[in-house]
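Morning, everyone. One structure today, and I'll keep it short. Please have a look at the sequence and the model first.

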Amino acid sequence: MNNAKLGLAHRLYTGQVSYDFVKNRKLWYTVSAIVLSISILALIIRGLTLGIEFKGGTDFQAPMQVTSGTVEEVRQAVDGFEVPDLEAQVFSIGDDAVRIQTRVLNPDETSSVRAAIADLTGADPADVTYNAIGASWGKQVSQQAGIALFVFTILVMLLIWVWFRDWKMSVAAILALAHDLIVTIGIYALVGFTVTPATVIGVLTILGYSLYDTVVVFDKIKENVLGLEDTNKTYSEAANLGINQVLVRSINTTIIGVLPTGALLVAGSILNGGPLQDLGLALFIGMIVGAYSSIFIATPILTTLKEREPEQIQHRATLVRRSERAAVKANRRSDTDLLEGGDGVAVTAAPAGPRMQPRTGASRAERKKRPGTR
């Protein structure tokens, strides 16, 4: 079949078309270092906007007909309440209710804000419900999330080590996960979205997604490096072939995952649904960053670690010697072809003539006396 008729995925898989991701790893390291620096600075300077589940506060809910501009109108009205510095966050609940979350209030402030909300929404004060949330609950959530992340990391390292029989793959995968986590949280700090329990769920979800994408790439690399010492490829070249072989699959999987999460994010932004928006943003960012890290971070880090092994150093030296021997043989063959092509000394045959008699020690008179001579 003509190569022009073959699909891009097939040509990438067979190596007919290839992009050298591993060779350009310094570029990817630089890009990731810049993104990580921005994320860390955003966390230090701006910080995260924590929801009341983490820092404590008071949650009010009131019946109200919700339109496209309701949330912004309520937010501006709350800023003018008698109680100062409420640090209010306003969300819609369906089409017939609003939620207003404030800082921790004392009983007098709670009564004042409750009455103001009833007056703003036109509801009876008794219909305005509220719930005080202590900071201790948010602290417990944070601790549990930290424990879950720690256990998840340990189990992932052990699983990858056991499955691939290579601790370097475990290290590369965990570094890629750390990259995804820092970038995702950093973007939250830059955008200013509120961190809620839904955010924590989304972050833990995208870690699993990123790990899955990385394991798929590593599995193809493991397949390509079997019997590597009998081939003319280095570990980096075999790993780069593995990336190209799963590239189309990774892109398709990411697009399929990003489309619904993007719709979730847009819907949450339009409807001003806080948890829906937070979950959508975490999944949207995490899936894109996870696909990036599995190709541009995890595999280059793995090749950097593997190429330092004595076996790989010896293998590369063997390939160099093979190449030198092949070059010498090619030069000799080229010289032989030149000689056979007429560039050497030509040898010509003498023209045909009468047969010459062999000379002997007898004189001419004696030869004449022999029979058959003239």
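Start with threonine 299. What does threonine 299 touch, leaving out residues up to four places away in sequence? The list is Val22, Val217, Phe218, Ile221, Ala239, Ile243 and Ser294. Threonine 299 sits in helix 10, which runs over residues 274-306. Its relative accessibility is 0%, so threonine 299 counts as buried.

A word on the source: this is a predicted model. Keep that in mind throughout.

Now the whole chain. It has 374 residues, and 39% of them count as buried. The secondary structure comes to 12 helices and 6 strands. Take the contacts between residues at least 6 apart in sequence: 75% of these join residues at least 24 apart.

Next, a helix pair. In general, two packed helices are described by the angle between their axes and the distance between the axes. Our pair is helix 2, residues 25-45, and helix 7, residues 167-191. The angle is about 50°, and the axes are 8 Å apart. Left-handed or right-handed? The crossing of helix 2 and helix 7 is left-handed.

Which residues make that contact? From helix 2 come Ser32, Val35, Leu36, Ile38, Ser39, Ile40, Ala42 and Leu43. They meet His179, Ile182, Val183, Ile185, Gly186, Ala189 and Leu190 of helix 7. By class, the contact of helix 2 with helix 7 holds 11 nonpolar and 4 polar residues, and no charged ones.

On to helix 4, residues 70-79. Which of its residues are buried? Thr70, Val71, Val74 and Val78. What covers the buried residues of helix 4? The cover includes strand 3 at 89-92, strand 4 at 97-102 and helix 5 at 107-121.

Staying in that region, look at the loop between helix 4 and strand 3. Glutamate 87 lies there. Its phi is near 55°, a positive value in a residue other than glycine. Buried or exposed? With 52% relative accessibility, and exposed meaning over 50%, glutamate 87 counts as exposed.

There is another positive phi to show you. Arginine 165 has a phi of about 55°, although arginine 165 is not a glycine. Where is it? Arginine 165 is in the loop between helix 6 and helix 7. At 65% relative accessibility, arginine 165 counts as exposed.

Last stop, helix 6, residues 135-164. Alanine 145 lies in this helix. Why does alanine 145 count as buried? Buried means under 20% relative accessible area. Alanine 145 comes in at 19%, so it counts as buried. Now pair alanine 145 with proline 197. In sequence, the two are 52 residues apart. In space, alanine 145 and proline 197 are 9.4 Å apart, C-alpha to C-alpha.

That's the tour. Questions, please.

Methods:
Residues are numbered from 1 along each chain as its sequence is written. This is a predicted model: local features need pLDDT of at least 70, side-chain atom pairs count only at pLDDT 80 or more; totals for chains, interfaces and linings use all residues. Side-chain values use heavy atoms; hydrogens and water are left out. Axes are lines fitted to C-alpha atoms, for helices over the stretch in contact, and angles run from 0 to 180 degrees between N-to-C directions. Helices (H or I, at least four residues) and strands (E, at least two) are DSSP runs, numbered from the N terminus. A crossing is left-handed if the near helix is turned anticlockwise from the far one by less than a right angle, and right-handed if clockwise. Contact means heavy atoms within 4.5 Å. Ala, Val, Leu, Ile, Met, Phe, Trp, Tyr, Cys and Pro count as nonpolar, Asp, Glu, Lys and Arg as charged, and the others, Gly among them, as polar. Buried means under 20% relative accessible area, exposed over 50%, partly exposed in between (1.4 Å probe, protein chains only).
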